[in-house]
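Subject: Structure for your files

Hello,

Here is the structure I said I would pass on. Please look it over; my notes follow below it.

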Amino acid sequence: MTPTLTIQQLAEATDLSRTQIDQWISRGHFKPKNPAESGKARAFTVEDAVVLGALAELVRIGLTPSVASMHVHSVYAFTDDDALLVVSQGPDEMAGGTGALYYDPANPATHGQIVRARDLAGIATDPKVRSMAVVNLGEVEKRVLAVAGVR
């Protein structure tokens, strides 16, 4: 059986308040997989919690929730290395290509992608990359699984 989390567990795993989570859901920044059912508490998936945790980390380092949410629609891990969510400006040829999670035609140099930890140095030292923010998805997932009681 796939573990689910309550909103209280989700708040604990992401270090957000329940009110903040509800606001981000109502504003469309965070879209849980399970629909809300009248009179029932919503069950959040582990993937929901990792997505929300990544969103929260991007907001903590200065991105607005609306910008951060563009980059965290889905998250995934690698079996052979830590997964990092990298939101960057440049290089232009990377935007919209394989691995890009978000591509904005109005600003084609801005994109988010999930990369292996061993590839981060290459991105960081690329002279075409003007700026970037990085979230360690593995650490977010560890916090979520600990709260969910899955190790």
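Predicted model: local features only at pLDDT ≥ 70, side-chain atom pairs only at ≥ 80, totals over all residues.

Ala-13 sits in helix H1. Setting aside neighbours within four places in sequence, Ala-13 is in contact with Arg-143, Val-144 and Val-147.

Overall layout

The chain holds six helices and six strands. In sequence order the pattern is β-α-α-β-α-α-β-β-β-α-β-α. The chain has 151 residues, and 40% of them count as buried. Taking contacts between residues at least 6 apart in sequence, 62% join residues at least 24 apart.

In soluble globular proteins, nonpolar side chains tend to be buried together. In this model the largest nonpolar core has 36 residues, and Phe-30, Leu-58 and Leu-85 are those with the most contacts inside it. The elements that give two or more residues to this core are helix H1 (7-14), H2, H3, strand S3 (83-89), strand S6 (131-136) and helix H6 (137-148). H3 gives the most, with nine residues. Another core, of five residues, lies apart from this one; Val-86, Val-115, Ile-123 and Val-129 are among its members.

Helix H3

H3 is largely enclosed by the rest of the structure, because eleven of its 15 residues are buried. Its buried residues are Val-46, Asp-48, Ala-49, Val-50, Val-51, Leu-52, Gly-53, Ala-54, Leu-55, Ala-56 and Leu-58. At 1.5 Å a residue H3 should span 21 Å, and the C-alpha atoms at its ends are 21 Å apart, which agrees. Leaving out residues up to four places away in sequence, Leu-58 touches Leu-63, Ala-68, Val-72, Leu-85, Val-87, Ala-133 and Val-135.

H3 is followed by Gly-62, which has a positive phi, near 120 degrees. Gly-62 is in the loop between helix H3 (46-60) and helix H4 (65-70). Its relative accessibility is 58%, so Gly-62 counts as exposed. The C-alpha atoms of Gly-62 and Ala-133 are 9.4 Å apart, and the two residues are 71 apart along the chain.

Strands S3 and S6

S3 is mostly covered, with six of its seven residues buried. S3 and S6 run antiparallel and are joined by six bridges. One of the pairings is that of Leu-84, whose bridge partner in S6 is Asn-136.

Aromatic pairs

Rings count as a pair here if their centres lie within 6.5 Å. By this rule there are two aromatic pairs. Phe-30 and Phe-44 form a stacked pair, at 6.4 Å centre to centre with 20 degrees between the planes. Phe-30 lies in the loop between helix H2 (18-26) and strand S2 (44-45), and Phe-44 lies in strand S2, so the pair ties together parts that are 14 residues apart in sequence. Both Phe-30 and Phe-44 are buried.

The other pair is Tyr-76 with Phe-78, whose ring centres are 5.8 Å apart; the planes are at 85 degrees, so this pair is edge-to-face. Tyr-76 is partly exposed, with a relative accessible area of 37%. Phe-78 is buried, with a relative accessible area of 18%.

A backbone point to check

Most residues other than glycine have a negative phi. Asp-15 has a positive phi, near 55 degrees, and is not a glycine. Asp-15 lies in the loop between H1 and H2. With a relative accessible area of 63%, Asp-15 is exposed.

Regards

Technical notes: Residues numbered from 1 in each chain as written. Heavy atoms only, no water. Phe/Tyr/Trp six-rings, centres within 6.5 Å; stacked < 30°, edge-to-face > 60°. Helix = DSSP H or I, 4+ residues; strand = E, 2+ residues; numbered from the N terminus. Buried < 20%, exposed > 50% of the residue type's maximum accessible area, 1.4 Å probe, protein only. Core = buried A, V, L, I, M, F, W, Y, C linked by side-chain atoms within 4.5 Å. Contact = heavy atoms within 4.5 Å. Pairing = 2+ DSSP bridges. Expected span 1.5 Å × (residues − 1).
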